Amino acid sequence: MARPVKKAPEQWKREILDAAKELFLSKGYEETAIADIMELAGGAKGMFYRFFESKEEVMHALGERMFLENNPFEAVRRRSDLNGLQKIREVLAFDRADGEREALSTQAVPVLKDPRILAAAVEANRRVLTPLWFELIEEGRLDGSIQTKYARELSELLPLVNFWLLPSVFPADAEGIRRKCRFIAEVLSAMGLPIIDEEMYGRTQRILGNCRKEGEE
C-alpha cells in the first residue's frame, strides 16, 4: 500500500485557506463548519488546529492573504501616468472591482465582534496599510494633487475608518450608516482628500446595510 504523501506545514496551511475560501464563497461563512473545510482540504480536523485556533482566525488570515496576493498599492506604485490623488482613487476602484474580496469582506464583518480578531485586524491594518497610504498621500502632496498639512494623520486615520463604519463594532441603523458615510466623505474632502465619490458612497452604504441586516438575523 502506498504511503500517504507528507505535506509541508506551509502547504497544509495554504490548502486549508484555499478550501475555506472556496466554501465561504459557495456556502457562506456561517454555513461552513471546520469539518467541511478539512474534508475539502483532505485532512483530519486535528490538522486544522495546528495552524488556526478558530474559523474566525481563518477568515482573518484569508483576508490578509488575498490582499497581499492582489495588492492594489503595488499595482499603482510605478504608474507614471497618475498623480498621487489619482493613484489613491485607482486603489479604491481596484478594490471595488474585486468581487471575491468584497464578498468575503461582507461575510467577515460579524467575525469582528470577537475582540481578539478585531484587535488583530486593527493591528494588521495599522502595520500594513498606514505606510502605504502615507506614501501615496505624500506623493500627492509633493505633486500638488493633494492639499493637506496632515499626511501622517490621514495615513493613520484611513485604516481605521472601516472599523468605525462597521455596525458590528459601532451599532447603527440605516440612517446612521448614511450619516457616517457622508461625514467621512466631507471630513476627508475638507482635509484635502476628495476620494469618496457617489459610486463609492452608494457601494459602502449598501455593503454596510447588508452587514447590519445579517447581524440582526
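The exercises below work through a predicted model of one protein chain.

Residues are numbered from 1 along each chain as its sequence is written, and side-chain values use heavy atoms, with hydrogens and water left out. Local features need pLDDT of at least 70 and side-chain atom pairs count only at pLDDT 80 or more, while totals for chains, interfaces and linings use all residues.

**Exercise 1. Find which helix has the lowest confidence and which the highest.**

Step 1. The score is pLDDT, the predictor's confidence in each residue, from 0 to 100. The chain averages 86, and 88% of the residues score at least 70.

Step 2. Confidence is lowest in helix α11 (residues 198–216), with a mean of 60. It is highest in helix α2 (residues 34–41), at 95.

Step 3. Where pLDDT is low, the predicted coordinates should not be read in detail.

**Exercise 2. State how many helices and strands the chain has, and what share of its residues is buried.**

Step 1. Helices (H or I, at least four residues) and strands (E, at least two) are DSSP runs, numbered from the N terminus. The chain has 11 helices and 0 strands.

Step 2. Buried means under 20% relative accessible area, exposed over 50%, and partly exposed in between (1.4 Å probe, protein chains only). Of the 217 residues, 44% are buried.

Step 3. A contact means heavy atoms within 4.5 Å. Among contacts with a separation of 6 or more, 68% join residues 24 or more positions apart.

**Exercise 3. Describe how α1 packs against α2 and against α4.**

Step 1. Two packed helices are described by the angle between their axes and the distance between the axes. Axes are lines fitted to C-alpha atoms, for helices over the stretch in contact, and angles run from 0 to 180 degrees between N-to-C directions.

Step 2. Angles under 35 degrees count as roughly parallel, over 145 as roughly antiparallel, 65 to 115 as roughly perpendicular and the rest as oblique.

Step 3. Helix α1 (residues 9–26) meets α2 at about 120°, with the axes 8 Å apart, so the pair is oblique. The contact residues comprise 10 nonpolar, no polar and 3 charged. Here Ala, Val, Leu, Ile, Met, Phe, Trp, Tyr, Cys and Pro count as nonpolar, Asp, Glu, Lys and Arg as charged, and the others, Gly among them, as polar.

Step 4. With helix α4 (residues 55–69), the axes of α1 and α4 come within 10 Å and cross at roughly 95°, so this pair is roughly perpendicular. Its contact holds 8 nonpolar, no polar and 5 charged residues.

**Exercise 4. Describe the packing of α8 and α9.**

Step 1. α8 and helix α9 (residues 151–165) pack at about 140°, their axes 8 Å apart. The two helices are therefore oblique to each other.

Step 2. The contact of α8 with α9 has 13 nonpolar, 3 polar and 3 charged residues.

**Exercise 5. Decide whether Lys-87 and Pro-110 are buried, partly exposed or exposed.**

Step 1. Lys-87 lies in helix α6 (residues 84–96). Its relative accessible area is 3%, so Lys-87 is buried.

Step 2. Not counting residues up to four places away in sequence, Lys-87 touches Val-76, Arg-77, Arg-79, Leu-82, Leu-136 and Glu-139.

Step 3. Pro-110 is in the loop between α7 (99–108) and α8 (115–143). Pro-110 has 24% relative accessibility, so it counts as partly exposed.

Step 4. Pro-110 and Pro-167 are 57 residues apart in sequence, and their C-alpha atoms are 9.0 Å apart in space.
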